[in-house]
Structure formats: C-alpha cells, structure tokens
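Please read them with the coordinates open.

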Amino acid sequence: MIKAPRGTFDVLPEEAARRELLESHAKRILEAAGYTRIETPAFEHTELFARGVGEATDIVQKEMYSFEDGAGRSLTLRPEGTAPVCRAYIEHGMHKLAQPVKLWYLSSFFRAEAPQKGRYREFWQVGAEAIGSAEPETDAELIVLLAELLDAVSVKGVRLHLSSLGDPETRAEYREELKGYLRAHEQSLSHDVRERIELNPLRAFDSSDPRTREVLEDAPKLLDRLTPEDAEHFATVRALLDDAGIGYHVDPTLVRGLDYYTRTLFEFRSDALGAQSGVAGGGRYDRLIEQLDGPPTPGTGWAAGVERMLLAAGDLPVSPNLIDLYVAIAHPESSPRAFQLAREARRAGLRAQLELTGRSLKGQLRHADRLGARYVAIVGQDSSTSLKEMDSGEERELSANDVIPTILRGSRLA
Ligand code: ATP
Ligand code: MG
C-alpha cells in the first residue's frame with residue numbers, strides 16, 4: 001500500500017471545515033486592515049532563500065528541499081514566505097505603489113525536519129507582510145491583527161514574547177561581545193552551542209541544555225545595547241501594545257531562526273502545544289529588500305502555523321454541511337428528470353444532491369435522512385414528483401415546476 005510521505009498529511013473533510021473557518025477569519029481580519037492576498041510559486045531559486053533567509057540559519061543549513069531542474073539550476077521548495085513576497089515586491093516594481101504595500105497569504109511550506117506533533121515536512125502558514133513603512137505603528141498593528149486572529153480561532157494559552165534586535169551594525173558588535181563571553185565559558189556549554197559560537201552565537205539563547213542556559217542568564221543582552229533610535233522605536237511599539245491591552249513578555253533571549261530581522265521581533269507561544277510551542281512569529285526586516293537587490297525598503301510581517309493554531313484551538317463551531325434537497329429516483333426511467341431537477345435546484349441556489357448509487361427507494365430515504373436533507377423529491381414515472389419534508393414527514397404530489405418554488409418559499413407542505 002502506498003502511503004503519504006513521512007511528515008505530510010491529508011486534510012480530510014472534517015479537518016478541511018476547521019481550516020476553512022480559520023481561513024475565513026484570517027481573510028476577514030486582514031482584509032479589514034487593507035491587506036490583500038498574494039500567492040507566490042511553491043518553488044523558487046535556491047539563491048533566494050540562501051540570501052533572503054540567511055546562510056547561517058537552521059532553515060538554509062539543514063531544512064531545505066532543494067533539487068536541480070533540467071538546466072542544472074538549483075531550485076528549492078519554499079520553506080517560508082517572506083523572502084518570496086519580497087522577491088515579488090521587487091520583481092513587480094511594487095515600490096512604485098502607495099506604501100506600505102500590505103499583503104497576506106495562506107500557503108503550504110516545506111522543511112526537511114524530524115516529523116512530530118505540530119512539526120511536519122509540508123505545513124501551512126497564514127502570513128502578513130507590510131512593506132514600505134518603518135513606523136513602529138506598523139509593527140504594533142501587525143501584532144494586534146495576529147492577536148485578533150489567534151483569538152478568533154480560540155487558540156488557547158497564548159503568550160507573546162517580544163524583543164528588539166536593533167540594527168545589523170549594533171548586532172554585529174554585540175555578536176563579537178557575545179562570542180567573547182561564550183568562549184570564556186566554553187567548558188560549560190553544550191556541544192551544539194560550542195560548535196556554533198562562530199557561525200551563529202545568538203542561537204545559544206535557543207538552547208534547552210540546563211548548564212548552557214545558566215551561563216546565558218548572565219550573558220550580555222542585545223536589548224541593553226540598542227542605539228537610542230532603535231530603543232525609541234521599541235518603546236513606541238510597546239506603548240501601542242499597552243494601549244491596545246495586549247499583554248507581552250519582553251524577552252531578551254528571543255532569537256528567531258531568520259537572519260534578516262531588524263528591530264522588532266516577536267513570537268506567540270501556546271501552553272497548549274507542549275514542545276512545539278511556537279504558534280506564530282514575526283518581526284521587522286528593514287534590510288531584506290535591499291539584500292535581494294531591491295531599493296532600500298523597510299518591511300515587517302509575521303507567519304502563523306495553521307496546524308499549530310488548530311492544535312491549540314480545541315473545538316471550533318464548524319457547521320455541518322446540510323442539504324436542502326435530496327433527489328430520489330423512484331424508477332429507472334425517471335433518472336433523466338431527476339438529473340434535471342437536481343441541476344435546476346442548484347441553479348436556483350439550493351444545496352441539492354442526486355441519488356448516485358442505485359439504492360432502493362427505502363435506502364434512498366434512509367440515506368437522505370442521514371445526510372440531514374430538509375426535503376426529498378421522489379421523482380416517479382410519468383411526470384409525477386412527490387416532495388417529502390423530512391422533519392414533519394409530510395408528503396405531497398406536485399407538478400414538476402412546483403418543486404423548487406415550494407422549497408424556496410419554505411412553506412409547510414401540510
Ligand atoms: P520552530 O521553532 O518550532 O521550529 P520556527 O521558528 O522554525 O518554529 P517560523 O519559521 O517562525 O518557525 O514559522 C512560523 C510558524 O510556522 C511557527 O510558529 C509554527 O507555528 C509554524 N511552523 C514552522 N515550522 C513548522 C513545521 N515544520 N511544521 C508545522 N508548523 C511549522
Ligand atoms: Mg524551525
């Protein structure tokens with residue numbers, strides 16, 4: 001038996017309904033704030049992610065699905081959405097539009113990771129990007145919109161971790177300072193962290209090793225090194241969140257996997273998720289567009305994991321897909337008329353299903369009942385059609401032309 005590849009999943013109808021509900025909330029919340037939808041290709045030139053996500057990141061180091069096309073160019077299944085959206089912004093000259101350009105997406109992404117609950121090799125994200133504004137209001141507004149989405153989907157146990165990374169120059173100086181500190185405490189660090197002191201010392205803050213964590217408690221913090229401008233930007237974001245009543249935890253150890261962030265950085269985690277606690281993350285990326293050969297353009301955005309949101313959401317009010325009319329075939333010869341009736345009913349706006357398996361009439365009525373049909377039209381020989389209202393059990397002979405108007409009027413048959 002052929003099964004779905006490890007780390008992938010099928011979305012079966014019941015789950016599809018939950019995902020659709022999530023999508024409708026995302027659309028409503030983001031479009032009300034002026035975000036419009038964008039779709040980018042499922043694969044891009046590998047170089048986009050190498051440059052746009054950063055060579056030193058986990059994603060580029062070990063999580064990309066890359067392959068060669070026929071012409072020997074390296075392509076990669078998209079592992080994230082920000083670099084592709086920025087690529088599209090540059091490619092389509094969106095800097096000429098009114099700024100900021102506000103875009104949202106709901107797409108699947110691919111990462112070669114060890115599959116476990118909440119961690120898949122193909123997964124979905126809702127994302128939002130505001131490109132062309134450096135103002136702290138943009139960051140705060142994006143965080144507020146994300147909080148609203150998590151709330152609308154009833155994601156449980158949400159905590160917002162917030163920090164600022166300052167600008168790349170401050171960060172470069174700080175990296176040297178941190179490297180020095182880590183080297184001085186090398187003997188107490190986990191193997192992984194020691195290995196990455198040179199390549200990515202900031203990731204030491206992500207370590208779960210107890211001794212490493214102890215060392216890092218007293219490590220110098222980037223938040224204490226911000227320039228006055230960056231510190232003020234961060235203070236404004238915090239003040240706007242305070243005014244909006246959004247609780248957060250200033251977390252100087254917050255280091256997210258992507259290299260392109262500047263200034264604001266945040267992550268929503270959920271207690272309901274266990275080890276894979278990250279529900280959504282984002283931040284400002286003022287140097288990214290330039291790094292991808294576009295004009296210097298600030299940007300900020302976030303991405304939220306669809307599966308993790310739904311895992312942490314519990315029950316959602318998903319309404320069953322009821323049907324208005326079941327068209328039963330009482331006699332083989334009445335099949336063409338039944339076919340027409342189902343089609344006309346749908347054109348009139350009704351949810352109508354036709355008998356498709358040749359059940360007995362009794363079997364058809366039982367099936368219609370199980371589906372929750374409000375009415376069953378029993379299409380007989382000659383031109384007779386009898387319409388049965390399922391909850392009252394009332395039944396009446398009608399001429400063919402009266403079936404649909406009767407249902408649309410919703411009048412009782414008795
Ligand atoms: P993690 O620390 O769990 O690996 P991340 O920092 O790699 O997460 P991001 O790149 O910021 O995650 O992606 C944003 C969101 O996408 C995450 O908060 C999470 O909800 C979701 N996500 C990331 N990787 C996966 C995955 N492999 N499977 C399912 N969801 C994922
Ligand atoms: Mg990850």
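1. Basis. This is a predicted model, in which local features need pLDDT of at least 70, side-chain atom pairs count only at pLDDT 80 or more, and totals for chains, interfaces and linings use all residues. Residues are numbered from 1 along each chain as its sequence is written, chains are lettered from A and ligands numbered from 1 in the order in which they are written, and side-chain values use heavy atoms, with hydrogens and water left out.

2. Overall form. The protein has 14 helices and 16 strands. Both are DSSP runs numbered from the N terminus: helices are H or I with at least four residues, strands are E with at least two. The radius of gyration is 28 Å, whereas a compact globule of 414 residues would have one near 22 Å. That radius is taken over C-alpha atoms, and the globule rule is 2.2 Å times the number of residues to the power 0.38. Along the principal axes, the C-alpha atoms fill a box of roughly 90 × 50 × 45 Å.

3. The three-stranded sheet. This sheet is open and antiparallel, with the order S2-S4-S3. Two strands count as paired if DSSP finds at least two bridges between them. S2 (43-45) and S3 (66-68) are the edge strands; each has a single partner, so one side of each lacks a neighbour in the sheet. From one strand to the next, the twist averages 35°. Axes here are lines fitted to C-alpha atoms, for helices over the stretch in contact, and angles run from 0 to 180 degrees between N-to-C directions. Three bridges link S3 to S4 (residues 74-77) in the antiparallel sense. Within S4, Ser-74 stands opposite Glu-68.

4. The five-stranded sheet. What is the strand order in the open sheet of five strands? The order is S13-S12-S14-S15-S16, and the pairing is mixed. S13 (352-354) and S16 (395-398) stand at the edges with a single partner strand each, so one side of each has no neighbour in the sheet. The twist averages 20° from one strand to the next. S15 (residues 385-389) pairs with S16 over four antiparallel bridges. Leu-398 in S16 is the bridge partner of Thr-385.

5. H12 (residues 335-347) lies across S12 (325-329), S13, S14 (375-379) and S15, and runs at about 160° to S13. H13 (residues 361-371) lies across S12, S13, S14 and S15, at about 170° to S12.

6. H5 against H9. H5 (residues 136-152) packs on H9 (residues 228-243) at about 40°, with the axes 9 Å apart. That angle makes H5 oblique to H9. Angles under 35 degrees count as roughly parallel, over 145 as roughly antiparallel, 65 to 115 as roughly perpendicular, and the rest as oblique. H5 contributes Pro-136, Glu-137, Asp-139, Ala-140, Ile-143 and Val-144, and H9 contributes His-233, Thr-236, Val-237, Leu-240 and Leu-241. Contact means heavy atoms within 4.5 Å. By class, the residues are seven nonpolar, two polar and two charged. Ala, Val, Leu, Ile, Met, Phe, Trp, Tyr, Cys and Pro count as nonpolar, Asp, Glu, Lys and Arg as charged, and the others, Gly among them, as polar.

7. H1 against H5. H1 (residues 13-32) packs on H5 at about 150°, with the axes 10 Å apart. H1 is therefore roughly antiparallel to H5. This crossing is right-handed. Leu-22, His-25, Ala-26, Arg-28, Ile-29 and Leu-30 of H1 meet Leu-145, Glu-148, Leu-149 and Ala-152 of H5. The contact has seven nonpolar, one polar and two charged residues.

8. Backbone details to inspect. Gln-99 and Pro-100 are joined by a cis peptide bond, with omega about -5°. Pro-100 sits in the loop between H4 (82-91) and S5 (101-110). Ser-154 is a residue other than glycine with a positive phi, near 55°. The loop between H5 and S7 (158-164) holds Ser-154.

Methods:
Left-handed = near helix turned anticlockwise from the far one by under 90°.
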